Amino acid sequence: MDRAQLPLNALRAFEAAARHLNFTRAAIELCVSQGAVSHQVAGLEKRLGTRLFHRLPRGLALTDDGQALVPVLAETFDRIGATLDRFADGRFQYALNIGVVGTFATGWLLARLDDFAATHPHIDLRVSINNNRVDLAGEGLDYAIRFGDGAWHGTHAEPLMDAPLTPLCAPLVASRLRGPDDLAHERLLRSYRVSEWESWFAAAGVPVPALRGPLFDSSALMVGAAMAGLGIALAPKVMFGHELTPERLVQPFAIEIDAGRYWLTRLLSRKEGLAMKAFRQWVMGAVGG
C-alpha cells in the first residue's frame, strides 16, 4: 500500500469503533456523524478486502482480522500523540534520559539544573538516581554519570571530575582524634567498595583496624550518618562542600586517596543525538568552569 495513500481518517475511525465496539460512541469521540464512521470503516474493509467487524443487533464484535489490526493502530496513534505533545512554542521538545549516582546528583548536579533548563529550554531532561550500578540499555538511558575507573564493558566513558576520598566526621568525633591510629577506636562507616578503608590506612602508614561499621550503598547517606555522629565516613570531599563547616562536618586528616573519579558514560552502540551532544557540552563546560 502506498504510504501517501494511507486512509488515515478511516484507520482512526476503525480504531475508535474498536475501542467502543459501537459506531455511535466512536462518532461522538471523533466529533463526526455515526454515518461517517460507518462509511469510513466500510471503505477500509473494502480496501483491505476483509471484514473487520461483525455487525450485531446491539453493537459490534471484532473479527480475527480486526483484532490483529487494533493493537498496531493503537500503538501507532499513541506514539503520534506523544510526539505531537512534545512540541512547544513551535519547537520540538527533545527527551533526554540520564542516570546519576546519588552523591553526584545531590552534591553537584541539582544546584545547576536551573542553568541547564535556562540554556536548553527545548530539552526535556529526565533524571533517575542510582547507586552506581546501572544498566544503560535496560533502563533506556542516554547517559549515566557514575563513579569508578572508567572501565565498563561496551561503554564509552569520558572523565568528568576527580573525587579523592578522605575521612569526614562530625566535629565532636573529630575532637577525639589525634592521629590516624586513633581511628581504630571509632566506628568506621563503609561503602560497598570494601577496599577503600584499607587503601586509606595504607596511605596513612598505619595498620588496618577491624572494620565493623555499617555498610551503605550511597556516599550521601553515609556522610549524613557521619554528620549525625554515628561514625566516620570515607567519602569524596568535593561533593560535600556545603556541609563542610566547623559546626556540621569536618575533615580530621589531610590524607586523601584516589579510588576513582566521576565519568559521563554511554553505550558504545548509542549514537549521540542533538540533545545528548548538548548535555555533554554543557556538563563538561560546567565541570571545567
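Start at Ile98: its bridge partner in β6 is Val127. Strands count as paired if DSSP finds at least two bridges between them. In general, strands of a sheet pair through backbone hydrogen bonds, either parallel or antiparallel.

A word on the source. This is a predicted model: local features need pLDDT of at least 70, side-chain atom pairs count only at pLDDT 80 or more, and totals for chains, interfaces and linings use all residues. Residues are numbered from 1 along each chain as its sequence is written, and side-chain values use heavy atoms, leaving out hydrogens and water.

Helices (H or I, at least four residues) and strands (E, at least two) are DSSP runs, numbered from the N terminus.

Now the whole sheet. It is open, has five strands in the order β6-β5-β7-β13-β8, and its pairing is mixed. Which strands stand at the edges? They are β6 (123-130) and β8 (155-162); each has a single partner strand, so one side of each is left without a neighbour in the sheet. Neighbouring strands are turned by 25° against each other on average, direction ignored.

Next, what packs on the sheet. Helix α5 (residues 102-109) lies across β5, β6, β7 (143-148), β8 and β13 (261-267), at about 110° to β5. Axes are lines fitted to C-alpha atoms, for helices over the stretch in contact, and angles run from 0 to 180 degrees between N-to-C directions. Helix α10 (residues 274-288) touches β5, β6, β7, β8 and β13 too, and its direction makes about 25° with that of β8. Contact means heavy atoms within 4.5 Å.

Is α5 mostly covered or uncovered? Mostly covered: six of its eight residues are buried. Among them are Phe104, Trp108 and Leu109. Buried means under 20% relative accessible area, exposed over 50%, partly exposed in between, with a 1.4 Å probe and protein chains only.

Over to another helix pair. The axes of α2 (residues 23-30) and α3 (residues 34-48) come within 8 Å and cross at roughly 105°. The two are therefore roughly perpendicular, a label for angles of 65 to 115 degrees; under 35 is roughly parallel, over 145 roughly antiparallel, and the rest oblique. On the α2 side, Phe23, Thr24, Ala26, Ala27 and Leu30 meet Gln34, Val37, Ser38 and Val41 in α3.
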